[in-house]
Amino acid sequence: MNAFTRKVKNCIIYAIFKLTSSSFTFEMEEKNMKRTMLSVLILSLAALTLFAGGGSDADSTIVKIGVFEPASGDNGAGGKQETLGIQFANYVTPTVQVGDTEYTVELVIADNESSNDRAATAAATLINAGSSVVLGSYGSGVSIAGSDTFRVGGVPVIGITCTNPQVTEGNSHYFRICFLDPFQGTVLANYAYQTLGARKVYCLAKLGDDYSGGLVNYFVERFTSLGGEVVSETFPEGNSDFTSYIANAKNSGCEVFFSPVSTEAAQLIINQASSQNLGMSILAGDTWDSNVILQAAKGKNVDITITTFYPEGANPEFDSAFKEWVNADATRLSNNGGDDTISAVTAMGYDAYYFALQAIKNAASTDPGDIMEALWSTEIDGVTGHIALEQVNGDAIRNTVFVKHANTTTGGWDALPAVVVD
Amino acid sequence: MEFFHQNLSYFLSGISVGGQYALIAIGYTMVYGILRLINFAHGDVFMCAGLMMVYLSSTLPFTITIPLVLLLTVLLGFVIERVAYMPLRSAPRMSVMISAIGVSYLLQNAALYFTGGLAKVYPEIPFLSNSIVIWDATTRVVTIVTPFLTVVLVILLTLLIKHTKIGMAMRAVSRDFETSQLMGIKINRVISTTFMIGSLLASVASLLYFTNYASVTPTSGAMPGLKAFVAAVFGGIGSIPGAVIGAFIIGICENIIKGGASIFGIPGSGWTTFSDAFTFAFLIVILVVKPTGLFGEKAVDKV
């Protein structure tokens, strides 16, 4: 939702209310009748909710895993794909052995609407539902915004693809199974400087967005230390006219266009870059590893290279099983963006689920506190590689970044050699 | 000349965005002129037109889809007025405005429900979506078509208001609501027509806007709607030429500021970051100097 317009409207309502409130008092008398009826209605509604609440009874052999992901807003597309990975893992392995008893895993899903001010509410929903451990979120901003609620609630969270360092920094309840932006930014800067041979890069981030702003910062840091030059700009929320930014990039003589923004803005950038004949490589981070980008780039005159967590084809068994599962249901297919391309976030979501199960097994308990303890020493071999956490912030120890190039004729990704950093 | 050549793409996109804002702004300003109502749902009607296009074009050819979308948007505007505003004709003005805000959220949330919260890719309309090169600046045909189409539509609208019976009725109603009712003008018909014209122009604007910025989300009507509203206020709300000129000024200013580093020769990243802030600050300055807007009528106190 566009917070800005909402505020404007609220201000107007408030102002008018102030102006006319004096005239209201006169009308109160005749409205008494209506008000009584209204209170009766509200009371009966409240009663209804109470009854509804009484129906569900806690089953002792159920362990709940919260899914803290956006299903709408800027990052809705990516959030849905990550959730699909978790759901698929849950479909493959619906139970977990805790001590001697077998528990059924129930997923509790809350939509954080890609919005920092909705994150806390979604987090509270998950805690109140009794989640033992929470997975998510896609998008670093919402993860940071929801973090405090999880800390107070004492529930451990496993970040799946939120790459901003601040998510886990200085806390003991937020963990993460992916690489971080300083690492990704460095790899991208090296790639732009060494492989693409660029000396001047145009960077575009969204104003006030923790993910794109952070990644651009780390990129700039590395790129300038290599001896390159950058032109860095930001665009405000709700902007859909990128023509001037593209013109800026062209006019300033840049050789690479780096814009690790949300997929929603990416669609527009790709479209306008093509129609304005941008004429330089577009470089982006893990967010762009989505079929939304492929669909937007298909048949267009663009050259897109991205870094990501998992290349399709790295684990054929997982790929084919997931494709079969997605194609079996129309809702799943539309949540995956209308086709069965596997995005890296789906594979990461899949691994996150098994990582959580392993932690529950290690803890031999469904208590959030015990799981939080156990997470520090949990290790698994996932489809995206071996996952183990370092002991300071609880971040994954990863040294491989996969690089992909969008093929605009077939509408698929071409894998480029992966970058391994020691 | 060299300066103009170099920065042509900023001016082109400024003029084209200005034209699109103008078409939306007319809807705001006409409704305000007649009902003294700020129709907050207007930006969302624009968004709905975009979504209709996305869904209809997936099964039907463009020759059918485009007229159908125009027709359905007009119908939507008509229905909104009949359902949400007409029953409140004698209510305090604030109630109608709250109702408008309600309709706005209803449309946004209905769109959220239908799209599942994901951005929909707007179809490529043949001809309009083609790329062309003008004096070394590559752009789309729609960018060039927009200002001309806007001017043609505004001229047609002015003719309608000046020279037809319904236009005369509109002018009478906007001058004095109650007296014109006494004179036998069918007020509901006039108001419905106003909403239908506004919606028609909004759907033309959505066609042009989304061809350029090809992604429709439930909130994509919010920002263009707000900017068009600002343009209407800027030009003097209630005045059609004012809204059109205001919209062009806002659209062009916005893009000139975004290209500030290149146009004014002062490098820095602040230009794009604060482009909206500059635009709105400009609005404040104009309103401080001329509170009724550029072409606004002076308020006359009737005794």
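Please keep in mind that the model is predicted.

I begin with the interface. The contact draws 46 residues from chain B and 45 residues from chain A. The size of an interface is often given as the accessible area lost when the parts come together. For chain B and chain A, that buried area is about 3800 Å², and carbon and sulfur atoms give 58% of it.

Which elements supply the side of chain B that touches chain A? Those giving two or more residues are α2 (8-35), α5 (93-115), β3 (137-140), α9 (187-212), α10 (222-235), α11 (240-258), α13 (270-273) and α14 (275-289) of chain B. The most comes from α5(B), with nine residues. By residue type, the side of chain B that touches chain A divides into 19 nonpolar, 23 polar and four charged.

How many salt bridges cross the interface of chain B and chain A? The rule finds zero. It does find 12 residue pairs in polar contact across the interface of chain B and chain A, both residues being at pLDDT 80 or more.

I turn now to the cysteines. A disulfide is a covalent bond between the sulfur atoms of two cysteines. Over all chains, the count of disulfides comes to zero.

Finally, the salt bridges. The count over all chains comes to 11. In one of them, the side chains of A:K206 and A:D74 meet at 2.6 Å, N to O. This pair links distant parts of the chain, 132 residues apart: A:K206 is in strand β7 (residues 200-206) of chain A, and A:D74 is in the loop between β1 (62-69) and α2 (76-92) of chain A. A:K206 is buried, at 16% relative accessible area, whereas A:D74 is partly exposed, at 24%.

In chain B, B:E254 forms a salt bridge with B:K227, with the closest N and O atoms 3.3 Å apart. B:E254 lies in helix α11 of chain B and B:K227 in helix α10 of chain B, so the pair ties together parts 27 residues apart in sequence. Both B:E254 and B:K227 are buried.

Salt bridges that share partners also join B:E81, B:R82 and B:R89 into one network. Within it, the closest N and O atoms of B:R89 and B:E81 are 3.0 Å apart. B:E81 is buried, at 0% relative accessible area, while B:R89 is partly exposed, at 24%.

Definitions and conventions
Residues are numbered from 1 along each chain as its sequence is written. Chains are lettered from A and ligands numbered from 1 in the order in which they are written. This is a predicted model: local features need pLDDT of at least 70, side-chain atom pairs count only at pLDDT 80 or more; totals for chains, interfaces and linings use all residues. Side-chain values use heavy atoms; hydrogens and water are left out. Contact means heavy atoms within 4.5 Å. Buried area is the accessible area (1.4 Å probe) that two parts lose on being put together, summed over both. A salt bridge is a side-chain nitrogen of Lys or Arg within 4 Å of a carboxyl oxygen of Asp or Glu. A polar contact is a pair of N or O atoms within 3.5 Å; within protein, one must be able to donate a hydrogen and the other to accept it, and residues adjacent in sequence count only if both atoms are side-chain atoms. Helices (H or I, at least four residues) and strands (E, at least two) are DSSP runs, numbered from the N terminus. Ala, Val, Leu, Ile, Met, Phe, Trp, Tyr, Cys and Pro count as nonpolar, Asp, Glu, Lys and Arg as charged, and the others, Gly among them, as polar. A disulfide is a pair of cysteine sulfur atoms within 2.5 Å. Buried means under 20% relative accessible area, exposed over 50%, partly exposed in between (1.4 Å probe, protein chains only).
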